[in-house]
Amino acid sequence: MFTMDFLTNEKLTIVGAAGMIGSNMAQTAMMMKLTPNICLYDPFAPALEGVAEELYHCGFKDTNLTYTSDIGEALAGAAYVVSSGGAARKAGMTREDLLKGNAEIAAELGKNIRRYCPETKHVTVIFNPADITGLITLLYSGLKPSQVSTLAALDSTRLQHELAKYFRIPASKVHNCRTYGGHGEQMAVFTSTATVNGEPLNALIGTDQLPLDEWEAMKTRVVQGGKRIIELRGRSSFQSPAYLSVKMIAAAMGGESFQWPSGTYVSDDRFNHVMMAMETSITKDGIHYEEVKGTSAEQAELEKSYGHLCELRDEVIATGVLPPVREWRSLNPNIA
């Protein structure tokens with residue numbers, strides 16, 4: 001059944017739905033009324049059935065929630081796909097520690113999208129390291145770069161939270177927090193874009209209001225925000241990535257614009273053949289980015305982050321999961 005209360009009637013498939021992120025994505029998508037047609041996929045059938053049963057018990061109206069451990073059935077006819085279907089980060093691990101196993105999962109995801117839902121409109125990849133898993137998914141899926149995005153907003157929302165907490169003001173008083181480049185500890189944290197209670201953040205850093213040592217400690221908390229969640233909860237983040245990724249898919253469906261940076265494929269005069277967090281817009285026409293502007297120091301940090309992403313990409317190429325860059329267009333003709 002479909003009513004005009006939903007953003008779309010088209011099928012949304014959630015990959016990795018038996019996990020904490022995936023199950024939270026499903027509930028959030030239903031609460032936000034993205035579409036009545038949601039399919040949950042996970043290879044772990046009992047846990048998947050348990051998630052579905054709980055969602056049925058919520059009593060959502062007008063929904064056609066289905067679940068399956070058959071990837072072909074899950075992806076067939078999917079207009080939108082969001083995947084958290086990689087291994088989770090554990091205590092003592094960095095996002096990069098997950099590289100090899102999750103790279104192989106991403107390659108399989110891309111191949112399955114090409115096989116079962118080549119007409120899909122948008123795919124969001126959020127399992128770590130998302131810059132690399134998203135890139136791999138894009139290459140093997142055969143989709144256009146504008147059709148694949150990755151979660152990067154968590155770093156920017158963590159910066160907003162840290163500033164709001166430090167200054168003891170509502171988050172709504174902290175604007176335009178931005179981190180770019182890699183979604184990892186090598187991210188570029190920009191200060192020139194942000195304002196706090198109407199004042200430029202750069203004008204506050206190094207003053208009595210925000211001493212330099214306090215800012216450096218805050219920046220470390222932002223960069224290691226995911227690590228801190230693991231220390232506190234004994235598991236990696238799931239509520240925040242679930243919510244933000246569903247907001248990204250909602251924007252791709254034509255809903256409210258997504259206000260944070262997202263990971264997107266970049267290949268231009270400055271950065272080439274990587275997926276990285278940029279200043280983006282997500283609409284029904286897909287994800288598009290514009291040149292990031294900042295101070296010379298910020299630009300240097302962004303270049304450094306880009307260099308790290310190139311190293312990760314080349315490491316994946318060395319394992320054989322990805323072919324050399326020169327062969328990418330033969331794998332996916334949409335790649336520049």
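Modeller: Lys and Arg count as positive and Asp and Glu as negative, while His and the chain ends are not counted; the place of a charge is NZ of Lys, CZ of Arg, CG of Asp or CD of Glu. This is a predicted model, in which local features need pLDDT of at least 70 and side-chain atom pairs pLDDT 80 or more, while totals for chains, interfaces and linings use all residues. Residues are numbered from 1 along each chain as its sequence is written, and side-chain values use heavy atoms, with hydrogens and water left out.

Colleague: How far apart are the mean positions of the positive and negative charges of the protein chain?

Modeller: For the 31 positive and 38 negative charges of the protein chain, the mean positions are 2 Å apart.

Colleague: What radius of gyration does the protein chain have?

Modeller: The radius is taken over C-alpha atoms, and the globule rule is 2.2 Å times the number of residues to the power 0.38. The protein chain has 20 Å, which agrees with the value near 20 Å for a compact globule of 336 residues, and its C-alpha trace spans about 60 × 50 × 35 Å along the principal axes.

Colleague: How is a pair of aromatic rings described?

Modeller: A pair is described by the distance of the ring centres and the angle of the planes. Rings of Phe, Tyr and Trp (its six-membered ring) pair if their centres lie within 6.5 Å, and planes under 30 degrees apart count as stacked, over 60 as edge-to-face and the rest as tilted. The count here comes to three aromatic pairs. One of them joins Tyr166 and Phe167, with ring centres 5.0 Å apart and planes at 85 degrees, so this pair is edge-to-face.
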